[in-house]
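Please look over the model first.

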Amino acid sequence: MFRKLAACFVVSMAFAALPALAQPAKPAPAAAAPAAEDKYVGYYYPKPTTVENYTSPMQTIAGAERQQRVQFVTVVSQGTIQSAYRVPYSVFVKGDKAEKLIIVGLQPGELNSIYRIRAILANMTTMSRLSPFFQERTVAEDANFYDLLKMLGFTQLTATDGEKFAYQVNIK
């Protein structure tokens, strides 16, 4: 079940990379709400420029524990590493319960604005909706990528250009 979902996610990551590769760099937007105490700030990403809260109508599925989140992201990461082309970001988990998903841009000018990050997340939503896992557990056209993360037990997503810009979503 998680392998099918992860495979679909890998495909979404591949499709999501295409728009980011084709766009020139733009300056980051003005600073927004600061992040709460976050031990990963300054190590994996800069202080988030924008922090949002998303309340999902979904419930975390039974059995979605640390091991399943690590397995999910391991399969996703393996797919990006083995991709036929350079994927412009790295995906990994952190947190005692592996509840924090982190996406870091690997090249200058990629994932350097909230709009590029949201575009990638929108593509991930599109690809997630195609997965049997998502279709069996949601009304696929009404759910989004944050809902998928909630179902897997993630509580936070942080995406960053790996230099100056970070976007964080707390998932409830």
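## Fold

The model is a predicted one.

The protein has 172 residues, and 52% of them count as buried. Its accessible surface comes to about 8,500 Å². Carbon and sulfur atoms account for 55% of that surface. Take the contacts between residues at least 6 apart in sequence: 66% of them join residues at least 24 apart.

## Salt bridges

Side chains of opposite charge can pair when their charged atoms come close. The structure holds 2 salt bridges.

In one, the side chains of R118 and E52 meet at 2.4 Å, N to O. R118 belongs to helix α3 and E52 to strand β1 (residues 50-54), so this pair ties together parts that are 66 residues apart in sequence. R118 is partly exposed, at 35% relative accessibility. E52 is also partly exposed, with a relative accessible area of 28%.

In the other, E110 and R86 bring their side chains together at 2.9 Å, N to O. Both residues sit in loops: E110 between β3 (100-105) and α3, R86 between α2 (66-81) and β2 (89-94). The pair therefore ties together parts that are 24 residues apart in sequence. E110 has a relative accessible area of 6% and is buried, because the cut-off for buried is under 20%. R86, at 41%, is partly exposed.

How many cavities of 30 Å³ or more does a search of the whole structure find? The search finds 1. The volume of the largest cavity is about 30 Å³.

Its lining is made up of I103, L111, I117, I120, L121 and A159. By class, that lining has 6 nonpolar residues, with no polar and no charged ones. Helix α3 (residues 114-130) supplies the largest share of the lining, 3 residues. Helix α3 also holds R118, whose side chain meets that of E52 in a salt bridge.

Key. Residues are numbered from 1 along each chain as its sequence is written. This is a predicted model: local features need pLDDT of at least 70, side-chain atom pairs count only at pLDDT 80 or more; totals for chains, interfaces and linings use all residues. Side-chain values use heavy atoms; hydrogens and water are left out. On a 1 Å grid over the protein atoms alone, a cavity is a set of points where a 1.4 Å probe fits but cannot get out, and a pocket is an open set with protein on both sides within 12 Å along at least five of seven lines; lining residues have an atom within 4 Å of a point. Grid points are joined across faces, edges and corners, and a volume is the space filled by probe spheres set on the points. Helices (H or I, at least four residues) and strands (E, at least two) are DSSP runs, numbered from the N terminus. Ala, Val, Leu, Ile, Met, Phe, Trp, Tyr, Cys and Pro count as nonpolar, Asp, Glu, Lys and Arg as charged, and the others, Gly among them, as polar. A salt bridge is a side-chain nitrogen of Lys or Arg within 4 Å of a carboxyl oxygen of Asp or Glu. Buried means under 20% relative accessible area, exposed over 50%, partly exposed in between (1.4 Å probe, protein chains only). Contact means heavy atoms within 4.5 Å. Accessible areas come from the Shrake-Rupley method with a 1.4 Å probe; for residues, only the protein chains shown count as cover.
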